[in-house]
Amino acid sequence: MTNVVVVGSQWGDEGKGKIVDWLSERADIVVRYQGGHNAGHTLVIDGTSYKLSLLPSGVVRPGKMAVIGNGVVVDPHALIAEIEKLAGQGVTITPDNLRVADNATLILSLHRELDAMREDAASNSGTKIGTTRRGIGPAYEDKVGRRAIRVMDLADLDSLPGKVDRILTHHNALRRGLGVAEVSHQTIMDELTSVAERVLPFRDTVWLFLDKERRRGARILFEGAQGSLLDIDHGTYPFVTSSNTVAGQAAAGSGMGPGALGYILGITKAYTTRVGEGPFPTELKDEIGEFLGQKGHEFGVVTGRKRRCGWFDAALVRQSVATNGITGIALTKLDVLDGLEELKICIGYMLDGEQIDHLPASQGAQARVEPIYITLEGWKESTVGARSWADLPAQAIKYVRQVEELIGAPVALLSTSPERDDTILVTDPFED
Ligand code: IMP
């Protein structure tokens, strides 16, 4: 028995929600360790669809503990709204099933405003990132700038005014530069005091809680958000999110030692998608890209934006296998490829006349690479709802085997529809 870390091995939206939900039935605790309410996870349980952005997916299952670790940036308004929305769907959230790290950073309205103002300004100069405008980047900036307001600060009304002054000195200078009105001390104090009562009951010393639970033998599932290619260090910088999304962050972002992480499951879509700006070597701006987007319902859960679609890029996923230490993958949305005459997989790139096997780090080079493809025969039969290898057409199995070989990691799970039971289990990550 081991703990499991779930990470996205592409640019996010790989279908982590369903797999995390599937695994959370076997887990005692589900932990988020990075990102914030920029994530969008859809769970379909007994025909009911739950859309989560900030809360760990395990929260909708009775008897599971959901934990928001210190590496997450927490928008208290989003937290309260999500708790209320779930209450409307019959899911009760109390400190008995949710804990929030007392050392997690808070996202304030001024972060959200700054994110949007910067994106608007960048739209005119062509340097937009295409963020979710949730204030994620500005909140992480304040965290590493050592001026953030954290969950525990809501309980210390004596020291809070000094902290508010400190964060405002920075933000009001920025706002003056951007030509927008300054924020008053009272506005931030009012914002914080209005949420304190709702947030504080959930606060906990999460590293200590997890350490105790690990010692008593609890099974812990770490739920990553976004994808490895959006990682602040390993992604397609600057078109990335503002946190480390690779598996190592599960340790730092929760306070659990890396030795206890266990099985690293990389969620991998059978083709590639990306939302927002940035390089995408295998992007298809033709009718096949349109086909994948329509059939795969490729619209963002958080922002509703249309996702860009393209062929499977094995070179990129091979990189994610290395940077995350992926033990095995969960391959999702294979059925979206049903009916295509032929399929292409990118195995490397041409850069300035040279053949290379990985995406270079430089932004200029990333924009110039040309994918090198191999072509495979498609299949006509439907793979929707397949629950065993015997249900899959031979060409689909060939495609899966080719993916495994090219990325250097085995398929542990194969998901064949949004329904949780439509999953082929090869290896149970908790038992590996
Ligand atoms: P931010 O995380 O809002 O700062 O956005 C930075 C980049 O990450 C943008 O390209 C977003 O579209 C992308 N991004 C953030 N969260 C997700 C996600 O959950 N899925 C896919 N892309 C995301």
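Let us start with strand β11, residues 263–269: seven of its seven residues are buried, so the strand is largely enclosed by the rest of the structure. Keep in mind as you look around that this is a predicted model.

How is β11 covered on its two faces? In a regular strand the side chains alternate between the two faces of the sheet. On one side of β11 sit Tyr263, Leu265, Ile267 and Lys269, on the other Ile264, Gly266 and Thr268, and all of them are buried.

Now look at the partners of this strand. Strand β1, residues 4–8, pairs with β11 in the parallel sense over five bridges. To find your place along this pairing, look for valine 6, whose bridge partner in β11 is leucine 265. Strand β15, residues 328–332, also runs parallel to β11, and five bridges join the two. Here a handy landmark is threonine 268, which stands opposite leucine 331 in β15.

At its start, aspartate 286 brings a side-chain oxygen to within 3.0 Å of the backbone nitrogen of isoleucine 288. Just after the helix, histidine 297 takes a positive phi of about 50°.

That last detail leads to some backbone features elsewhere. Most residues other than glycine have a negative phi, and most peptide bonds are trans. Arginine 133, in the loop between α3 (109–125) and α4 (136–144), has a positive phi near 60°. Is this arginine 133 buried or partly exposed? With a relative accessible area of 31%, arginine 133 is partly exposed.

The loop between β10 (220–223) and α8 (249–252) holds proline 238, and glutamine 226 is found in the loop between β10 and α8 as well. Glutamine 226 has a positive phi, near 60°, and at 10% relative accessibility it counts as buried.

Note on methods:
Residues numbered from 1 in each chain as written. Predicted model: local features only at pLDDT ≥ 70, side-chain atom pairs only at ≥ 80, totals over all residues. Heavy atoms only, no water. Polar contact = N/O pair within 3.5 Å; in protein donor to acceptor, adjacent residues only side chain to side chain. Helix = DSSP H or I, 4+ residues; strand = E, 2+ residues; numbered from the N terminus. Buried < 20%, exposed > 50% of the residue type's maximum accessible area, 1.4 Å probe, protein only. Pairing = 2+ DSSP bridges.
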